[in-house]
Amino acid sequence: MDHGEHGMPPELPPFTWGRGLEFTGEPFFLYGSLLVLALYAWGVLRLRARGDRWPVHRTIAFAVGVLSVALVTVTALNDYGMVLFSVHMVQHMVISMLSPILLLLGAPVTLALRALPSAGRGRRGPREVLVAFLHSRYVRVITHPAFTIPLFIASLYALYFTPLFDFLMESRAGHIGMMLHFLAVGLVFFWPIMGVDPGPHRPGYIMRMLELFASMPFHAFFGIALMMASEPMIGTYQNPPASLGVSALADQSAAGGIAWAFSEIPSVIVLIALVYQWYHSEQRQARRKDRAADRDGDKELAAYNAYLASLNSGGR
């Protein structure tokens, strides 16, 4: 493969994290990341300008999410990922499983709905377009578990075990498109599970956990398949450059180990986030009941006590 069109030198020295994290400034993801951060900052500043608060932890989560995308795309990891399957798998796992979770914890849709001005009755502005999109049949389909779980799984098996991966890796546009696909798949998969932003599907917390764990074994099986293979399975990585000092089979085994181990990380993060949301949901519900009891003089408790008294008197 000719890597010149990717802006990569003909030969790379053996991979180290120091070399992999050197800044290269891939323009598409560099400017895209800066644009996304700028839009988010505009929304936060707009809320503050009118006296509204926006949680700092949401801003931090979103910023770290964008930086995680940039970390694997605007550094030399992007170059090494073209010739080392293991480095590519780091890119894939981060951009499809870690970055989406952090971005969604930043609640960008909620921020946009609060920051965008209303166009007024009978008019259609950006906020109205966003609301219509959120209520569209298209969004209902792409966020339904019957669609998101198979898509999440197919992004592994249908991509890597078919000629599609090799085809995409032949061009810079194909490589960028694949990275965007990984990010988009992660976002639509975790969106209803995280439950931070509004959406058409809001299952209960138990169902969200089931959706989360339904796909995780497939990542483990995928990783184990790569680790146990007796020959290279991906054409792009069958002949790594001699300057890297690594065999294709050892590189593939390392990629499988990364895919297998990394599947646990987002599961833990999402599980912690769900438990946190569940706890605060119960707390809010308890506070609402307390306020209702204060307003009506706790009629529900009085009625229950009267019911117990009637049972006692009936038993004499």
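A pocket is, on a 1 Å grid over the protein atoms alone, an open set of points where a 1.4 Å probe fits, with protein on both sides within 12 Å along at least five of seven lines, and its lining residues have an atom within 4 Å of a point. This is a predicted model, in which local features need pLDDT of at least 70 and side-chain atom pairs count only at pLDDT 80 or more, while totals for linings use all residues. Residues are numbered from 1 along each chain as its sequence is written, and side-chain values use heavy atoms, with hydrogens and water left out.

**The largest pocket**
- About 900 Å³ of space lies in the largest pocket, a volume being the space filled by probe spheres set on the grid points.
- Among the 30 residues that line this pocket, the closest to its centre are Val36, Phe62, Pro108, Val109 and Leu187.
- Helix H2 gives the largest share of the lining, 9 residues, where helices are DSSP runs (H or I, at least four residues) numbered from the N terminus.

**Aromatic pairs**
- The whole structure holds 17 aromatic pairs, meaning rings of Phe, Tyr and Trp (its six-membered ring) whose centres lie within 6.5 Å, with planes under 30 degrees apart counted as stacked, over 60 as edge-to-face and the rest as tilted.
- Tyr160 and Phe222 form a tilted pair, 5.5 Å centre to centre with 40° between the planes, and this pair links helix H9 to helix H12 across 62 residues.
- Both Tyr160 and Phe222 are buried, which means under 20% relative accessible area with a 1.4 Å probe and protein chains only.

Key: Helix = DSSP H or I, 4+ residues; strand = E, 2+ residues; numbered from the N terminus. Buried < 20%, exposed > 50% of the residue type's maximum accessible area, 1.4 Å probe, protein only.
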